[in-house]
Amino acid sequence: MALPEKEVIGILSDNLKIRNSVLPISKKSATRWAKDLNISPGGETVLYTGMMYQIIPYITALVNALEKMEGSFLMKFITLGRYTNRFINISNFFGKVDKKEIKKHNHTLKTIARLLQKSGTEFGYLYDNDLYVGALAYDLGADDVLNKHIRKVHEKLKANNVKKVITVDPHTTNMLRDIIPQRIEGFDIEVKSYMEVLAEKGIQPVNQLEDEVVIHDSCIYARHEGMVDEPRSLLNNAGIKTTCPEDDCGKFTFCCGGPVESLYPDKAMDIGKQRLEQLHKAGNKIAVMCPVCYANLTRSNSNGLQIHDIVDLLEATYL
């Protein structure tokens, strides 16, 4: 028996409406990664996290909990859970969040900021005003809640006189560069991924690695944003040879399964395993560039493959 879609989507939508994120976390947790980096608050150019990396450990805990509930008698309590969630945030009760995963994703954000600083890019950070952009709500079709929320995002950016945004993940990039401008008249903020900025700045590596990795292209980066060359050039410049599955590469990349994990945990894992089989044919060391891809492929990894966020490789070679 499948999970009750209406109630699961309802809980996530209610959270976005009431608490500004599908899975709310404290402001302290959301901004902890920036500690000790001396990043100025605000400015015309800001590094915008959209809270994607920060909430991934909580999504993982939610998916693990839903996977256990799927097909069991516990599903009947989800309706009650949605009602309760309108008054008390029940996200914290879904499962134990892995503190190591939180630490890893905070380190990823810190590394992106350090890479940009090394490249000579000047940028600020909005701290508490760096809002989640609603990517999961968009994927799930929760348009009424999403449209109200993205107006808040736009208002925060305008209130802080932001002219240019540097994003850290494909979902936030796509939302700010394509989806939100279609829905909000006058949204004229320039949006670039940190990898686009690093490539344009011509950042130079300090280490050359004789290594080879299999690229798992993000569907959103490759298909919707046309961003295929930048990750490869950054790795190649540091001596890392890149390859990918012959028929499922670049703009023809194959999904990681992550977008459906909150509704169909088992199906998401099956898709993830299928993708890992394709990647494994090209090599054992895999580089991903999306926190959702990282989470679902890691969760689906039963063959001991090495799965790295591309930021880990950039840190080893450019910092």
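About 260 Å³ of space lies in the second largest pocket of this predicted model. Its lining counts 17 residues; Arg-19, Asn-20, Lys-27, Asp-128 and Leu-131 lie nearest the centre. The largest pocket has a volume of about 310 Å³. The search of the whole structure also finds 3 cavities of 30 Å³ or more.

**Second largest pocket**
- Helix H2 (27–31) and helix H7 (143–159) are the elements that give two or more residues to the lining of the second largest pocket.
- H2 supplies the largest share of that lining, 3 residues.
- By class, the lining of the second largest pocket holds 6 nonpolar, 5 polar and 6 charged residues.

**Largest pocket**
- The largest pocket is lined by 18 residues.
- Nearest the centre of the largest pocket lie Asp-139, His-171, Cys-219, Ile-220 and Pro-259.
- Four helices each supply at least two lining residues: H6, H8 (170–183), H10 (219–224) and H13 (291–300).
- The lining of the largest pocket divides into 12 nonpolar, 4 polar and 2 charged residues.

**Largest cavity**
- The largest cavity has a volume of about 130 Å³.
- Its lining has 14 residues, and Met-52, Ile-59, Leu-136, Glu-261 and Val-292 lie nearest the centre.
- Two elements give two or more residues to the lining of the largest cavity: helix H3 (52–69) and helix H6 (135–139).
- H3 provides the largest share of the lining of the largest cavity, 4 residues.
- By class, the lining of the largest cavity has 9 nonpolar, 3 polar and 2 charged residues.

**Aromatic contacts**
- The structure holds 2 aromatic pairs.
- One of them joins Tyr-125 and Tyr-127, with 4.5 Å centre to centre and 55° between the planes.
- This pair is tilted.
- Tyr-125 is buried, because its relative accessible area is 1%, under the 20% cut-off.
- Tyr-127 counts as partly exposed, because its relative accessibility is 25%.

**Strands S4 and S5**
- Strand S4 (residues 211–215) pairs with S5 in the parallel sense, over 4 bridges.
- Val-214 stands opposite Thr-243 in S5.
- Side chains alternate along strand S5 (residues 240–243).
- Ile-240 and Thr-242 point to one face of S5 and are buried.

Methods. Residues numbered from 1 in each chain as written. Predicted model: local features only at pLDDT ≥ 70, side-chain atom pairs only at ≥ 80, totals over all residues. Heavy atoms only, no water. Phe/Tyr/Trp six-rings, centres within 6.5 Å; stacked < 30°, edge-to-face > 60°. Buried < 20%, exposed > 50% of the residue type's maximum accessible area, 1.4 Å probe, protein only. 1 Å grid on protein atoms, 1.4 Å probe; cavity = no way out; pocket = protein on both sides within 12 Å on 5 of 7 lines; lining within 4 Å. Points joined across faces, edges and corners; volume = space filled by probe spheres on them. Nonpolar A, V, L, I, M, F, W, Y, C, P; charged D, E, K, R; others polar. Pairing = 2+ DSSP bridges.
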